[in-house]
Amino acid sequence: MIWKGNVTEKTIIPYDGYLSILSNDPLMPAQNIRLHLDVTVDVKDLSGVPAHYELHDNFPNPFNPTTTIRYDLKEPGKVTLKIYNILGQEVRTLVNKNEAAGFKSAVWDSKDNAGRMVSSGLYIYRIETGKFVKSRKMMLLK
């Protein structure tokens with residue numbers, strides 16, 4: 001089925017059809033069951049661009065030795081994503097560049113800007129882009 005209707009922020013697309021069930025029962029070798037599905041489509045799924053900025057929880061958390069940090073950019077622009085220790089000292093810059101809008105991720109390998117492994121503990125990661133600024137905590141366990 002090809003959807004020919006308008007798509008809004010959240011659109012429900014109906015699908016009607018039949019499910020055929022075959023069996024080895026000689027009295028009822030096949031059965032057709034009528035189905036109706038309502039599928040909700042989010043605009044971000046169609047456009048590839050998120051509706052708002054977001055900094056997600058890293059995963060895994062706690063981690064050893066790598067973790068992935070996902071973030072969403074609703075508009076293109078300059079992005080910085082940095083890791084700080086619990087004292088507020090910068091440990092590592094993961095992203096420092098202009099990026100297109102979209103769903104993004106960065107991987108931290110538990111190393112500082114000099115390439116040295118850091119110690120176990122609580123770390124803060126912080127994103128800044130335009131007027132959007134957000135921080136989250138993560139735990140490195142060795």
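Q: Which range of relative accessible area counts as partly exposed?
A: This model is predicted. Buried means under 20% relative accessible area, and exposed means over 50%. Partly exposed is what lies in between: 20% to 50%.

Q: Is Arg 136 buried, partly exposed or exposed?
A: Arg 136 has a relative accessibility of 23%. Buried would need a value under 20%, and exposed one over 50%. Arg 136 therefore counts as partly exposed.

Q: How many salt bridges does a search of the whole structure find?
A: Side chains of opposite charge can pair when their charged atoms come close. A salt bridge here needs a side-chain nitrogen of Lys or Arg within 4 Å of a carboxyl oxygen of Asp or Glu. The number found in the whole structure is 8.

Q: How many residues apart in sequence are the parts tied together by Glu 54 and Lys 134?
A: The two side chains meet in a salt bridge, 2.9 Å from N to O. Glu 54 belongs to strand β3 and Lys 134 to strand β9 (residues 132–140), so the pair joins parts whose separation in sequence is 80 residues.

Q: Is Glu 54 buried or exposed?
A: The relative accessible area of Glu 54 is 17%. The cut-off for buried is under 20%. Glu 54 is therefore buried.

Q: What is the distance between the closest N and O atoms of Glu 54 and Arg 136?
A: Glu 54 also forms a salt bridge with Arg 136. Glu 54 is in strand β3 and Arg 136 in strand β9, so this pair ties together parts 82 residues apart in sequence. The closest N and O atoms are separated by 3.7 Å.

Q: Which residues do salt bridges that share partners join into one network?
A: Arg 136 forms a salt bridge with Asp 57, with closest N and O atoms 2.8 Å apart. That pair links strand β9 to the loop between β3 and β4, 79 residues away. Through shared partners, the network joins Glu 54, Asp 57, Lys 134 and Arg 136.

Q: Which side chain makes a polar contact with the side chain of Asn 58?
A: Asn 58 sits in the loop between β3 (54–55) and β4 (67–73). Asn 58 is buried, at 5% relative accessibility. Leaving aside neighbours within four places in sequence, its contacts include Phe 63, Tyr 125 and Met 138. The polar contact, at 3.3 Å, is with Asn 61.

Q: Which residues make the nonpolar surface patch of about 290 Å²?
A: Strands β1 (10–22) and β2 (30–42) each supply at least two of its residues. One of the patch residues, Ile 33, lies in β2. Patch residues need over 30% relative accessible area, and Ile 33 has 34%. The patch is made by Leu 19, Ile 21, Ile 33 and Leu 35.

Q: What distance separates the C-alpha atoms of Ile 86 and Ile 124?
A: Ile 86 is in the loop between β5 (77–85) and β6 (90–99). Ile 86 counts as exposed, with 57% relative accessibility. Ile 86 and Ile 124 are 38 residues apart along the chain, and their C-alpha atoms are separated by 7.0 Å.

Technical notes. Residues numbered from 1 in each chain as written. Predicted model: local features only at pLDDT ≥ 70, side-chain atom pairs only at ≥ 80, totals over all residues. Heavy atoms only, no water. Patch = residues over 30% accessible without salt bridge, like charges linked within 9 Å, V, L, I, M, F, W, Y side chains within 5 Å. Areas by Shrake-Rupley, 256 points an atom, 1.4 Å probe, with all protein chains shown as cover. Helix = DSSP H or I, 4+ residues; strand = E, 2+ residues; numbered from the N terminus. Buried < 20%, exposed > 50% of the residue type's maximum accessible area, 1.4 Å probe, protein only. Polar contact = N/O pair within 3.5 Å; in protein donor to acceptor, adjacent residues only side chain to side chain. Contact = heavy atoms within 4.5 Å.
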